[in-house]
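Please open the model in your viewer and keep the selection tool at hand. The tour below goes from one selection to the next.

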Amino acid sequence: MTGYRQLLRTPEFTPLLLSSAAHTAAHTVAGLALGTLVHRATGSPLLSAVSMFGPSLVQVLGATFLLSGADRLPPRTALAGLSLAFAALTAVLAVPGLPVAAVFAVVLATGVVAALGGGVRWGLLNEILPKDGYLPGRSVFNMMSGLTQITGYALGGALVTALSPHTVLLLAALLHATASATARLGLTDRPPRASGRPSVAATWRANAVLWSSRPRRLVYLGLWLPNGLVVGCEALFVSYDPGAAGTLFACGALGMLAGDLAVGRLLPPAVRTRLATPLLLLLATPYVFFVLHPPLPVAALCATLASVGFGASLVQQEHLMALTPAELGGHALGLHSAGMLTLQGVSAALAGTAAELTSPATAMTTLALASITVTLTLAVASRRQVRSPAEPRLADGRAT
């Protein structure tokens, strides 16, 4: 499967894509509105960054306790229910006069719920598409996410200015409800991919199996760390230049769109498989120059070029799926998503702290240099990788 038309003709692909688009739009406009609201109330770069990326910070809790549900719950019911939960939580954030402490409690609750959503969504995508369709299919989802974020940040910034952050949060709640309805009406009522009830113990066992393989560990670290550190740079856009934050976010989304299109559609497999490290270096390098306080057009160009590097995750996910048994596909992708978003939240908190102590521009450059260092270290470790003679095995005796 190589063409996007084939993907769109695949049963359930389009409803899943539209539901995910509504979810992304809701998350985008809600994050910008909430970051603006908290920045106005506190004037703190740290609290502003954590308000936008705080849900990512606690995804590790969802990955620790809930992720077994990614393969053990009916996907249609799970996706529709989770979107309704997001709608309710976002509506709570829109309540005027909500104390900052309560805002952060709700924000963190959404992060715990979101960890399960990623595993269900990407596991279902992997189930809907044939084996050679996952990478182009995920590329379409990423490009959709980029387009939605471009529109969401541009429109969200205008709406926050013209209306109010509270009104924009209500709009985001409505978008989450739309995502729920789309999933409920457009997807087939499929059975769970794995038997057994979701439980903390089942989550821990699957996490242990996935983490026990050194090749998979290196892929996970490559998916989580360089990406997370660069998102820490993005978390400082509001405090770096409050008036241009929407522009910088939109340019970043445009670059991500271009990277996903190139990796998912334009590059042949023989070339694509060698580009993970170069793309990760591209992801961080432009942010090194923010310490020089470039003018807005140059800063916007840097954000655009850097985000092309997010295409590396498609190459890494393809490698991860090749290393993972089919019955753990949803769990493995959910662990990737939860770990990546958790590291993004941690990096946002680190970025905000560094900005409080120095300046947003200095913090962005520091995180970019750290991302470059991690990427090069993992590249060296991957070259030295020697497969263990005794790989951990699943219950049926197959190697993991």
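Which residues of the largest nonpolar core touch the most other members? This is a predicted model, in which local features need pLDDT of at least 70 and side-chain atom pairs count only at pLDDT 80 or more, while totals for chains, interfaces and linings use all residues. Residues are numbered from 1 along each chain as its sequence is written, and side-chain values use heavy atoms, with hydrogens and water left out.

Begin by selecting Phe13, Leu16, Leu79, Leu125, Phe141, Tyr220 and Leu335, which, of the 44 residues in the largest nonpolar core, touch the most other members. A nonpolar core is a set of buried Ala, Val, Leu, Ile, Met, Phe, Trp, Tyr and Cys residues joined through side-chain atoms within 4.5 Å, where buried means under 20% relative accessible area, exposed over 50% and partly exposed in between, with a 1.4 Å probe and protein chains only. Among the elements that give two or more residues to this core are α2 (13–42), α6 (75–93) and α18 (329–357), and the largest share, 9 residues, comes from α7. Helices here are DSSP runs (H or I, at least four residues), numbered from the N terminus.

Next, select Leu79, whose contacts (heavy atoms within 4.5 Å) beyond four places in sequence include Leu16, Gly117 and Leu187. Apart from this core lies another, of 43 residues, among them Leu236, Val263, Ala303 and Leu367.

Now move to Thr110 in helix α7 (residues 100–128), which counts as buried at 10% relative accessibility. Leaving aside neighbours within four places in sequence, Thr110 is in contact with Pro55, Phe86 and Leu89.

For the aromatic rings, select Phe237 and Tyr287, whose centres lie 6.4 Å apart with planes at 35°, so the pair is tilted. Rings of Phe, Tyr and Trp (its six-membered ring) pair if their centres lie within 6.5 Å, and planes under 30 degrees apart count as stacked, over 60 as edge-to-face and the rest as tilted. Phe237 belongs to helix α12 (residues 237–240), whereas Tyr287 lies 50 residues away in the loop between α15 (276–284) and α16 (296–308). Phe237 is buried at a relative accessible area of 1%, and Tyr287 is buried at 0%.

Finish at Leu261 in helix α13 (residues 245–266), which is partly exposed at 34% relative accessibility.
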